[in-house]
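Morning, everyone. I'll keep this brief. Please have a look at the structure first.

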Amino acid sequence: MRHVELIKNVERDFAVTPDQIKKVIRDFHSEMREGLSGQKSSLKMIPTYVERPKGAEKGTFIALDLGGTNFRVLALELKGNRTSEILFSKKAVLRKDVITASGRKLFDFMAHSVKKIIKIHATEPDKTRNIGFTFSFPIKQTGINSGTLIGWTKGFTAGGVRGKDVVRLMNSAFRRAGLPNAKIVAITNDTVSTLVSKSYEDPACDVGVILGTGTNACYCEKVKNITKSRFANFTAGEMLINIEWGNFNKLRLTPYDRLIDKFSKNPGKQLLEKMVSGMYLGEIVRVVLKEMSERGAIFRKTDKTALNKKDGFKTEYISAIENDSTKELYHVNDILKTIGVSKSLYSDRKAVRRICRAVSKRAARLGAAAIAAVVTKIDPRLLKPHTVAIDGSLYEKHAGFSRDIRHALCEVFPTAVRKSGIKISLTKDGSGKGAAVIAAIVKNARDRVARD
Ligand code: ADP
Ligand code: MG
């Protein structure tokens, strides 16, 4: 087969038609309903015990944010009038040995990072510190301040954590680190934090989405629709539901997706995440390029072994490649050299750019389909305005991604998107800030109980 046809085949494989988007929406709705009623579903639909803030919460709170790539510690001052200010925000990179050894090592690493950071910034070191914890892995909650790890995702394998309450593990690590006053009062995940952070400013926000190392979302559901549980001590009429949408599996997989899944740490799981999130997009491109080069369609004049290295093609390269507007695609050439493909023809570079485009466009369109499904689950006829808060570097830094999401949403709901009935809002630092807002909600509720 000529290389042009091979590329076209790949593009066809990765295309997501408007009809496919509609099918994803329908399947999402039925999986969501089944998850809410406790039936078997690829969507866990986890109750979070969090309601939206009122916008009047006040005070300074610390938040921890364990994502997939970084661990962040920040302090947020809530002014009580829907505005807030970050007082400090510091991150520590999670080394591979920290996330794959023992749970104790991971939690001690976090506690020591907190100790170092608050030591530099502390103003009132002796006060009890009510800390919000954004923990972006599936947990089963029985209340706002307890969460049992269901299973790791995003390459984490730290032993001895599954089935344990991560709030207790964190509080014990604080004590071991010599921080007896530090205490987690609320645990949440990045989607919930992102939604809460945005909705402190914007009352129309009812969906929170993460597009970073992994992908997931949460939304605001009526408690009466969450028929699988009864919620003692939770009196609000609505509760945020953590969808865990990365595990959605009613999807058309390409042979490349099957390969990625087979060689992943969690085969058969997180299929949507494996087609959409930053952890996998570069790897999909690598697998496609490897196959094309083995069939002699590209890189004929160079050593191809460079493409054999798992995770050797970073997701960051995709946006750099798509943005290369130089005549000879010099930046693509540089990136290919970086990964060890020393010689490339102009036709090779054009092919690489088309593959990157196909892979990232599919990811954005599937992400848009999932967003459309969640918004219409809340409001089937789109009678009210909805703000969708999105956090994560894939959305923030990959310019083509947000554009493709918007285009896809316009295809499905032309009028709603144009008339701002659906607003997409980049909520930078949302996954950190929201945990501080939730700590404030918890403190307000406790103060109320103490007063009554
Ligand atoms: P986390 O998921 O740990 O909270 P981020 O939201 O920062 O962290 O997401 C990090 C992921 O985003 C990286 O693993 C990478 O896959 C992706 N990413 C970072 N920069 C870019 C970029 N310029 N283009 C595309 N993807 C990116
Ligand atoms: Mg994050």
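I'll go through some aromatic contacts and then a sheet. Keep in mind that this is a predicted model.

Rings first. A pair of aromatic rings is described by the distance of the centres and the angle of the planes. How many aromatic pairs does the structure hold? Twelve. Take F133 and F135: their rings sit edge-to-face, 5.6 Å centre to centre, with 70 degrees between the planes. F133 is buried, at a relative accessible area of 0%. F135 is buried too, with a value of 0%.

Next, F137 and F156. This pair is tilted, with 4.6 Å between centres and 50 degrees between planes. Where do these two residues lie? F137 is in the loop between β5 (129-135) and β6 (139-143), and F156 is in the loop between β7 (146-149) and α5 (166-176). So the pair ties together parts 19 residues apart in sequence. Both F137 and F156 are buried.

Now put these together. Ring pairs link F133, F135, F137, W152 and F156 into a cluster. There is a charge here as well: K154 lies over the face of F137, 4.7 Å from the ring centre.

On to the sheet. Six strands make up an open sheet, ordered β1-β11-β10-β9-β12-β13, with mixed pairing. Which strands stand at the edges? β1 (46-47) and β13 (422-426). Each has a single partner strand, so one side of each is left without a neighbour in the sheet.

Inside that order, look at β9 (residues 205-211) and β10 (residues 215-222). They run antiparallel, joined by five bridges. I210 stands opposite N216 in β10.

That's it from me. Thanks.

How values were computed
Residues are numbered from 1 along each chain as its sequence is written. Chains are lettered from A and ligands numbered from 1 in the order in which they are written. This is a predicted model: local features need pLDDT of at least 70, side-chain atom pairs count only at pLDDT 80 or more; totals for chains, interfaces and linings use all residues. Side-chain values use heavy atoms; hydrogens and water are left out. Rings of Phe, Tyr and Trp (its six-membered ring) pair if their centres lie within 6.5 Å; planes under 30 degrees apart count as stacked, over 60 as edge-to-face and the rest as tilted. Buried means under 20% relative accessible area, exposed over 50%, partly exposed in between (1.4 Å probe, protein chains only). Helices (H or I, at least four residues) and strands (E, at least two) are DSSP runs, numbered from the N terminus. A charge sits over a ring if NZ of Lys or CZ of Arg is within 6 Å of the ring centre and within 35 degrees of the ring normal. Two strands pair if DSSP finds at least two bridges between them.
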